[in-house]
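Please keep the structure open as you read.

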Amino acid sequence: MSKDVARELYCELGISEKVLDYGREIEQKLKDRFQQMDETAEYNQLKVIKAMQAHKVSAECFMGSSGYGYNDLGRDTLEEVYASCFQGEAALVRPQITCGTHALALALMSNLRPGDELLSPVGKPYDTLEEVIGIRPSMGSLAEYGVTYRQVDLLPDGSFDYERIRQAIHEKTRLVTIQRSKGYQTRPTLSVRQIGELISFVKNSKPDLICMVDNCYGEFVEAQEPLEVGADMIVGSLIKNPGGGLAPIGGYIVGRQECIDNASYRLTSPGLGKEVGASLGVIQSFYQGLFQAPTVVASALKSAVFAANIYENLGFSVIPNGSESRHDIIQAVTLKSPEALIAFCRGIQEAAPVDSHVTPEPWAMPGYDDEVIMAAGAFVQGSSIELSADGPLREPYAVYFQGGLTWYHGKLGILMSLQKLYEAGLVKL
Ligand SMILES: *Cc1c(COP(=O)(O)O)cnc(C)c1O
């Protein structure tokens, strides 16, 4: 099939020749980076297959169970696959874990006891964890159970403040939480290597500390995962990277046996632990999603890098920038005006396979001071491994976007965003 066939379809979908040529030129320059991403995906794909083979995944694993879910072969085998793949002793991978925040709350609340202290040596954690910890007073928080919290911010250049971290560790410090992704902050995302250095440092100060890594948005971006550099637990959501776009719900915790046992007794009940918890009809999608995840993450990364280079080239400030190495799938673009932010999101929406006919509007979302605009045409509600974008309507009008189940869809979405900005006269090509 010749190139021109795709060109015609791009035009039918609403991308002008000018925008298409602009995108083609940028894409040409990214061949080497894309090649690196494909190599990481290849390695991670083999890692997943190896884990599935080692635990003899078979058709019986996809049967699912109901009721109590005793002897659920598919559930138990999947947990062994996760443990092998991410190099932990054990795993908890369940549809009963409703989202990433729930998985993190579960890991924290089950491994901390009254009188313990939780330390974040990487600054403020993800927004939703503020209520879990009780940074913002909240019903049922760790604070209500007598678990205290301490935080050491990163230095202005994004590096660890080792001196203050050392001072913050004392006899009550029990668990250290390290967020890999920057989330929606402006600090840099941490590489697995950096996480390893931080863990060595804190364990040097106090060897029995539990080091938990919030692994959201980081899975399969690199060849190594945090358990390989000394973490005791990694935690994440299945409607992000490791669900590969196919898991319709779920969260995971992988790590040391004792940590996972604690989490299992809190998820279900003391005495029951991992023995109950029916997998219903979703378990096959967990397997298939994990199998697809390495290539899906590579597609999301290519989309992020493509967008960074397009918008950087047009003079917008982008985080991460067009050439730096990637440790998560999130891309921020500072669009500088409300019109550009709205146009960008409308482009992403219009390129979606689902709900492409709806027009996103800014709205007053609960919990936010400013209006927020969101674009998401996803198969799974709220899935952020699928191409999605959002941003608050305030200075500097930054859009955060992530995902893309396939690179070609990511590319179309970004070209469409550019098309909208171009049509509105907000950029010159
Ligand atoms: C998404 C995310 C969470 C919370 O996950 P939800 O599934 O939205 O509850 C926590 N931490 C980080 C870094 C995230 O990106």
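## Helix packing, cores and backbone

Helix 4 and helix 10 run roughly parallel to each other, because an angle under 35 degrees counts as such and theirs is about 20°. This is a predicted model, in which helix 4 covers residues 73-86 and helix 10 covers residues 283-313, with axes 10 Å apart. Their crossing is left-handed. Helix 4 contributes L73, G74, R75, T77, L78, V81 and Y82 to the contact, and helix 10 contributes I283, F286, Y287 and L290. By class, these residues divide into 8 nonpolar, 2 polar and 1 charged.

Now turn to another pair: helix 2 (residues 17-28) and helix 12 (residues 407-423), whose axes come within 10 Å and cross at roughly 130°. These two helices are therefore oblique to each other, and the crossing is right-handed. On the helix 2 side the contact is made by K18, V19, L20, Y22, G23 and E27, and on the helix 12 side by W407, K411, L415, L418, Q419 and Y422. This contact has 7 nonpolar, 2 polar and 3 charged residues.

Next, the interior. In soluble globular proteins, nonpolar side chains tend to be buried together. Here the largest nonpolar core holds 102 residues, and those touching the most other members are Y82, I178, V202, Y311, L335, F344 and L421. Helix 10 supplies the largest share of this core, with 15 residues. A second, separate core has 27 residues, including A107, M109, M233 and I260.

Which residues does L335 contact, leaving aside its neighbours within four places in sequence? They are Y311, F316, A340, L341, F344, P396, Y397, A398, V399 and L421.

One of these partners, P396, also takes part in a cis peptide bond, with E395. The table sets out both cis bonds.

| Cis peptide bond | Omega | Loop holding the proline |
|---|---|---|
| I319 and P320 | about -10° | between strand 8 (317-319) and strand 9 (331-334) |
| E395 and P396 | about 0° | between strand 11 (388-392) and strand 12 (398-402) |

Finally, two residues have a positive phi although neither is a glycine: L280, at about 50°, and D355, at about 60°. L280 lies in the loop between helix 9 (257-267) and helix 10, and is exposed, with a relative accessible area of 52%. D355 sits in the loop between helix 11 (338-350) and strand 10 (372-376); with a relative accessible area of 36%, D355 is partly exposed.

Note on methods:
Residues are numbered from 1 along each chain as its sequence is written. This is a predicted model: local features need pLDDT of at least 70, side-chain atom pairs count only at pLDDT 80 or more; totals for chains, interfaces and linings use all residues. Side-chain values use heavy atoms; hydrogens and water are left out. Axes are lines fitted to C-alpha atoms, for helices over the stretch in contact, and angles run from 0 to 180 degrees between N-to-C directions. Helices (H or I, at least four residues) and strands (E, at least two) are DSSP runs, numbered from the N terminus. Angles under 35 degrees count as roughly parallel, over 145 as roughly antiparallel, 65 to 115 as roughly perpendicular and the rest as oblique. A crossing is left-handed if the near helix is turned anticlockwise from the far one by less than a right angle, and right-handed if clockwise. Contact means heavy atoms within 4.5 Å. Ala, Val, Leu, Ile, Met, Phe, Trp, Tyr, Cys and Pro count as nonpolar, Asp, Glu, Lys and Arg as charged, and the others, Gly among them, as polar. A nonpolar core is a set of buried Ala, Val, Leu, Ile, Met, Phe, Trp, Tyr and Cys residues joined through side-chain atoms within 4.5 Å. Buried means under 20% relative accessible area, exposed over 50%, partly exposed in between (1.4 Å probe, protein chains only).
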